[in-house]
Amino acid sequence: MMDAMVLDAPGRPLRAARLPVPEAGPGQRRLRVRACGVCRTDLHVIDGEVRCSRSPVVLGHQIVGVDEATGERVGVPWLGWTCGTCRYCRSGRENLCVRARFTGCDIDGGFAEYTVADERFCLPLPDGFADREAAPLLCAGLIGHRALRMAGDGERLGLYGFGAAAHIICQVAVHEGRRVFAFSRTGDDAAAAFARSLGAEWAGASDARPPEELDAAIIFAPVGALVPLALRAVARGGSVVCAGIHMSDIPSFPYADLWGERTLRSVANLTRHDGVEFLRLAPRIPIRTAVTVYPLARAADALDDLRHGRLTGAAVVEP
């Protein structure tokens, strides 16, 4: 038997449980979980904003685990299974697979002592990162990296919502020679100082106008009202990328905010290629993740601290 934190249904609190240790089937690996990052998507699952195909379910999709059979340390991301046959999979867009299953949502995740994962979606992890440091790379890092690529090569980059993803992608952007402008909640001086410590040249409130026009902006906060603000902050030809899996409704805005060949787009999930590419890049920068660690039994506290903005960087649960 193993310890796990279970969500019985949306709107219910996480429940500590003793579950049978899962058995790996064909094409799967059983992993002893060493660390699991805590993500805003977990909150969306709890709140019913992201729907799961099963209930109850073990949350957690930024898993660092050790394969019991081989001793290899691997990472398991949000995308946990794809069909490989739909038109999206066949065209290199497995992140859009119509039958995709997601870790910690459709597949039991990493808020447990053990988990089972599809061997195709177990990513090799770079050396030089402790387990707790590597965990946030597997969603905050991967989704952030995909969003950065979608934003284009512009020099002046705005990051809205300076949490787990932004604190990683800020480091990537600075490494690439970009100028970073960080936006956080009004009055969150700690987040602004944190952003500047990672190389952002300006940090201010999310409703503030930056000191100059941006070439691109990435919105990590799940707040639809930020979309018009970001569009007004980018120059003609600029891009606004919504990086979350869920966002509150976007309010109406005048066409003038979009006009001038500005682009608004979303990022959905990730591909294995994203994972391999980013995890090769991370040690070359090198990225340093700021983490707050919680024991497995306090996973609900980690989620509550994330919900109320009491974290700097990322939260990680360790069994």
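Two strands are said to pair if DSSP finds at least two bridges between them. Helices (H or I, at least four residues) and strands (E, at least two) are themselves DSSP runs, numbered from the N terminus. In these terms, β11 and strand β12 (residues 179–184) pair in the parallel sense over five bridges, and Gly 158 stands opposite Phe 181 in β12.

The structure described here is a predicted model, in which local features need pLDDT of at least 70 and side-chain atom pairs count only at pLDDT 80 or more, while totals for chains, interfaces and linings use all residues. Residues are numbered from 1 along each chain as its sequence is written, and side-chain values use heavy atoms, with hydrogens and water left out.

**The sheets**

Strands β11 and β12 belong to an open sheet of six strands, in the order β13-β12-β11-β14-β15-β16, with parallel pairing. Its edge strands, each pairing on one side only, are β13 (202–205) and β16 (263–266). On average, neighbouring strands of this sheet are turned by 20° against each other, direction ignored; such angles run from 0 to 180 degrees between N-to-C directions, and axes are lines fitted to C-alpha atoms, for helices over the stretch in contact. Helix α7 (residues 226–233) packs on the sheet and touches β11, β14, β15 and β16, where contact means heavy atoms within 4.5 Å. The direction of α7 makes about 150° with that of β15.

A separate description applies to an open sheet of three strands, which has the order β2-β1-β4 and antiparallel pairing. Here the edge strands are β2 (15–19) and β4 (57–58), each of which pairs on one side only. Strand β1 (residues 2–7) pairs with β4 over two bridges in the antiparallel sense, and Leu 7 stands opposite Val 57 in β4.

**Burial and the nonpolar cores**

A residue counts as buried at under 20% relative accessible area, as exposed at over 50%, and as partly exposed in between (1.4 Å probe, protein chains only). Five of the five residues of β11 are buried. In a regular strand the side chains alternate between the two faces of the sheet. Both faces of β11 are covered, with Arg 156, Gly 158 and Tyr 160 on one side and Leu 157 and Leu 159 on the other.

Two further residues illustrate the categories of accessibility.

Not counting residues up to four places away in sequence, Ser 239 touches Ala 151, Asp 215, Ala 216, Ala 217, Val 234 and Thr 263. With neighbours within four places in sequence left aside, Leu 96 is in contact with Tyr 88 and Ala 268. The C-alpha atoms of Leu 96 and Asn 269 are separated by 7.6 Å, although these residues are 173 residues apart along the chain.

A nonpolar core is a set of buried Ala, Val, Leu, Ile, Met, Phe, Trp, Tyr and Cys residues joined through side-chain atoms within 4.5 Å. The largest such core has 95 residues, and those with the most contacts inside it are Phe 111, Leu 159, Phe 162 and Ile 218. Helix α5 gives the most to this core, with seven residues. A second, separate core of 17 residues includes Trp 202, Leu 226, Val 240 and Met 247.

Helix α4 (residues 140–150) is largely enclosed by the rest of the structure, because nine of its eleven residues are buried. Among these buried residues are Gly 141, Leu 142, His 145 and Arg 146. Their cover includes β10 (123–124), β11 (156–160), α5 (164–175), β14 (214–219), β15 (234–242) and α9 (272–281). After α4 comes Gly 152, whose phi is positive, near 90°.

Helices α4 and α9 pack at an angle of about 100°, with their axes 10 Å apart. The two helices are therefore roughly perpendicular to each other, a description used for angles of 65 to 115 degrees. To this contact α4 brings Gly 141, Leu 142, His 145, Arg 146 and Arg 149, and α9 brings Asp 274, Gly 275, Glu 277, Phe 278 and Leu 281. These residues divide into three nonpolar, three polar and four charged; Ala, Val, Leu, Ile, Met, Phe, Trp, Tyr, Cys and Pro count as nonpolar, Asp, Glu, Lys and Arg as charged, and the others, Gly among them, as polar.

How values were computed. Angles under 35 degrees count as roughly parallel, over 145 as roughly antiparallel, 65 to 115 as roughly perpendicular and the rest as oblique.
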